[in-house]
Amino acid sequence: MAPSTFALIIDFASGGMLLAAVLVVWRRALRSIVTLLACQGLALAAIPIAAGAYLGDTALLLVGVAVLALRAVMLPWLLRRALAAEPPGRRDATPLMNTASSLLMVAMLTLVAFAVTRPLTALQSTTLTDAVPTAFAVILIGLFVMVTRRHAVSQAAGFLLLDNGIAATAFLLTDGVPMIVELGVSLDVLFAVIVIGILTGRLRRLFGAADLDELQELRD
Amino acid sequence: MTELMMASLLAPVAAAGLTAALGWSRLSATVTAISAAVILFCSIALATRVGHGVHLAAGGLLRIDALATFMLIVIAVVALLATVASIGYLHTELADGHTDAAGARLYGTLTPAFVAAMELAVCANNIGLIWVAIEATTVITAFLVGHHRTRNALEATWKYVIVCSVGIAVAFLGTVLLYFAARHNGAAAAEALNLDVLMSHAGALDPAVTRLAGGLLLIGYGTKAGLFPFHTWLADAHSQAPAPVSALMSGVLLSVAMSVLIRLKPIIDAGAGTHFMRNGLLLTGLATVAIAALLLTVTGDLKRMLAYSSMENMGLIAVAAAAGTTLAIAALLLHVVAHGLGKTVLFIAGGQLQTTHQSTAIADITGVLQRSRLIGTSFAVGVIILLGLPPFAMFASELAIARALAEANLGLVLAVAMTLIAIGFVALARNTTRLLLGAAPADAPTICPPRSLAFALVAGLAASLALGVAAGPLTDLMVAAAQQLEGPR
Amino acid sequence: MTVMAVVAGGAQLLTVTVGAPLLIGLMRQVRAAWEGRGGGGILQPWRDLRKQLGKQQIIPRGTTVVFTAAPLIVAATSILLAAIVPIVATGSPLDPVADLFAVVGVLFLGTVALTLAGIDTGTAFGGMGASREITIAALVEPTILLAVFALSIPTGSANLGALMATTLSDPGSVASLTGVLAFVALVLVIIAEAGRLPVDNPATHLELTMVHEAMVLEYAGPRLALMEWASAMRLTVLLALLANLFLPWGIAADAPTLLQVLTGVGAITVKVAVLATALATMEVFMAKLRLFRVPELLAGSFLLGLLAVTSANFFTR
């Protein structure tokens, strides 16, 4: 693989992740958000797969395939199951911030991400590490989505955005963490999403809807 | 040594498997309690052998040193008390119809798994593995917190899972950044997450990246320890969980998270300068103590009160960790064990009150001392422990922390912390007197604690007294741990 | 500045002024074909212009010189744009002025003149159209700046001619993330600026849904002809800009020969025709957005423009 092709793939993969995150903020229909998360998982998996092919590292390649299976297939499927009980075409209740302001906020968060990750790119400037600011922006956007959404599945989507961004950062900075840690991390994320799915079902049964504004009892 | 470590890790896993296969019964619960006793035995054996050394096992994945052994002892003691109490607790719940066989089996499987995950978190040498273990505790305790299938329990579970998962994810980002800094410095790929390797490279790590990593790690593990401003899940989760689980979470899980921070602090200090983590810990620690003290004055719920007291103590531990001297860390560790014991006794007694009254509002529960000598006395002694009165160990630990802060030129911090603790002291004492003293109303239900619960209470009290009077055997361990943490070796 | 460059400039101007109504005709014909109608033919807009030029001049009572001058200003800015933007050759006589900021400024001048004319009529619809147009313009102008600026960062110059020359020599620079983001942002702003679906429906007769049409509601006769023609020219220039920024092949160089000038004219005609067909086809399948959703769309395109700038800045080649 030529270096310029590799740079192009990494460019598009990390840009694609950021674009998916932006579209999650833009779109409010829950099913499209889950589809966007699957696309983002695809873009995320492209990074270790491309890096593995470029560096000739088969372990990294296999990790990339595992990431593809987990984040582009399994986790969106789990979320879609959690959504299955909702009436079709249900949109999110109005988020706490309207769409236009949310998009401008996302613009600001992107700039913050680029500023914060300056020391990282200054330390080591390669094709891979230069894309870290984009992954960091995805992390901040994930946090933003979690804070401004009211539906349980939207918060879960924000959590997945956050996690995808962190996984991307790990792959871009260090060609991935050691295998055992990667395994543990993937399992943990899987179980976390399973738990969230089960909790969403229980929420719907006990509260009648998965709207998180209903959770107001515990306070002092 | 490795065999002892593996035995202590595998015993609770085996107990979890047994309960999963056979369902909950007095037998499986007793087996769980025995597994906790096994952990205690192994950890004491390890403590006598470890001395000042560091022993790596499982190819550098596990680490047996003074701090790990100490935390294992704390986990073991609290787990033993909690699992013994669980026998009677669950039996009563099943008898009263508050839970069913499936719920009891889930409880019985998840509790020892939870203990095993905490053990892994304190014994791991690889900070990635530490992360996996801490995240596992969040996932495992999710359904423990939601054991009572009520709306409030569900709300608490949701908040807990979401806030802690986000916090832990941020901690993972910090871990990755630290790994990056170490790799950039030349550490080998498979080893750069190991504590010993990080310690050796610590001085040469890039300051800006280490600062970023340190901040993220503080935020992430601080969330798990209940430090401000990510403490919002704590009172809800600890108050809605079943009492023995609350004891485990309040008594030892928070301390485990703090111990991870204490382990990482020397690395960050060496890379980014000592002021960064010190100021960060001081800020969050003092803020936590302040918030906890203020919330203690307004709360009217028994278990939330205990949860806020845990928050306050974690804040104090954070402040002591900020000071960072040998005396501070040794005092901090004593505080951890004393708090763990006292909080467990309180939660078990409080749990019995909750079972009797089906409510945790302090206004609903009065005149306890008159109605049940055991529960009343246990609760009273527990609160005395928490208030830091002699002869219990928390008196000595708080005094030592105060001295350590003064020696580290943190006199102003000490003054502020003491004022806030005094506020908490008054609030705690006031609520406890309302709870315990006074005449019991005529229609108050009778309190009859099950035998195992009573046994756990008495054992806990005895252990606290023993600790307060003669902490001797543990002192060497604590001092060794503190010295090992003073700086990179 | 050679004679050929002047000829190229003249050819450019001629192509745009003559071809703009033909472009509108083409778009209407494509829509008709999709919708299964016969359509009026490509020359219909020219026939409409001729008809309107022959009509009586009507000026509403109470309007001022703003109303009478606006069509002239809009037409003048459109012709100026047609002369400045490198459409047929990069070395046009006005090349030193072909700066990104100048182009956007001239574009905005036309928008403001039209808006003021709408307010000047004193009618409710005129004011409504004007306020909507300015809301849209407020988000569109920064986005055009950002999107073209993102493309100019690798070049190091904001001169449009230099930009296109760089893209000609290094085609890979637009096949990057920056290029894709800037392209999408520019498409969205061109749709908004030129008042096409889904932002505004140029064929609507329902006043409450109008944006651009509401402002020209009071115009009749030659002034209306001037307005329509100016709008057509703005659309043509914007589409030509989009085509030349991303696919500059065929454009004549600094010192062109006659053959190159003719090739340039042919190339731009083909490119703009293709883009117009694509745009018209897209319009057939889309409904107009509700007005309060338009700022969302434009905020999104602004965000894409900003991301294009940041990715151009931080991704090293």
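Two residues are in contact if their C-beta atoms, placed from the backbone, lie within 7 Å. The model on screen is predicted, and the contact definition sorts out its chains. Two pairs of chains touch, and the pair with the most contacts is chains A and B. Chains B and C do not touch, and their nearest C-alpha atoms are 19 Å apart.

**Stop 1: chain A as a whole**

Chain A has eight helices and zero strands. The globule rule gives 17 Å for its 220 residues and the radius of gyration is 18 Å, so chain A is as compact as a globular protein of that length. Its C-alpha trace spans about 55 × 35 × 35 Å along the principal axes. Of the 220 residues in chain A, 54% are buried. Take the contacts between residues at least 6 apart in sequence: in chain A, 73% of these join residues at least 24 apart.

Now colour chain A by pLDDT. The mean is 86, and 96% of the residues of chain A reach 70 or more. Helix H6 (residues 132–148) of chain A has the highest confidence, at a mean of 92, and helix H8 (residues 179–207) of chain A has the lowest, at 83.

**Stop 2: helix H7 of chain A**

Select residues 152–174 of chain A. This is helix H7, with 23 residues. From its first C-alpha to its last, H7(A) reaches 33 Å, close to the 33 Å expected at 1.5 Å a residue. How many of the residues of H7(A) are buried? The count is 23 of 23, so to speak of this helix as mostly covered rests on a cut-off: a residue is buried if 20 or more other C-beta atoms lie within 10 Å of its own. Step on to A:Asp175, which follows H7(A) and has a positive phi, near 50°.

**Stop 3: where chain B meets chain A**

Show chains A and B together and select the residues in contact across the pair. Chain B contributes 39 residues and chain A contributes 34. Coloured by class, the side of chain B that touches chain A shows 25 nonpolar, seven polar and seven charged residues.

**Stop 4: where chain A meets chain C**

The contact here takes 17 residues from chain A and 14 residues from chain C. On the chain A side, helix H1 (3–26) and helix H4 (99–116) of chain A each supply at least two residues. H4(A) provides the largest share of that side, eight residues. By class, the side of chain A that touches chain C has twelve nonpolar, three polar and two charged residues.

**Stop 5: helix H10 of chain C**

Stay with chain C and select residues 258–284. Helix H10 of chain C has 27 residues, and its reach from first C-alpha to last is 39 Å, close to the 39 Å expected at 1.5 Å a residue. Show side chains for its buried residues, among them C:Val261, C:Gly264, C:Val265, C:Lys271 and C:Glu283. The list of buried residues in H10(C) also includes C:Ala267, C:Ile268, C:Val272, C:Ala276 and C:Ala280.

**Stop 6: chain B as a whole**

Chain B has 19 helices and two strands. Its radius of gyration is 21 Å, close to the 23 Å from the globule rule for 489 residues, so chain B is as compact as a globular protein of that length. The C-alpha trace of chain B spans about 70 × 55 × 40 Å along its principal axes. Of its 489 residues, 64% count as buried. Among contacts in chain B with a separation of 6 or more, 83% are between residues 24 or more positions apart.

**Stop 7: B:Met314**

Zoom to B:Met314, in helix H12 (residues 302–323) of chain B. Is B:Met314 buried or exposed? B:Met314 counts as buried, because it has 30 C-beta neighbours inside 10 Å. Leaving aside neighbours within four places in sequence, its contacts are B:Ala225, B:Gly226, B:Leu227, B:Leu254, B:Met258 and B:Thr288. Finish by drawing a distance from B:Met314 to B:Ala225: their C-alpha atoms are 7.0 Å apart, although the two residues are 89 residues apart along the chain.

Terms used. Residues numbered from 1 in each chain as written. Chains lettered and ligands numbered in written order. Predicted model: local features only at pLDDT ≥ 70, side-chain atom pairs only at ≥ 80, totals over all residues. Helix = DSSP H or I, 4+ residues; strand = E, 2+ residues; numbered from the N terminus. Rg over C-alpha atoms; globule rule 2.2 N^0.38 Å. Buried ≥ 20, exposed ≤ 12 C-beta atoms within 10 Å, placed from the backbone. Nonpolar A, V, L, I, M, F, W, Y, C, P; charged D, E, K, R; others polar. Expected span 1.5 Å × (residues − 1). pLDDT = per-residue confidence, 0-100.
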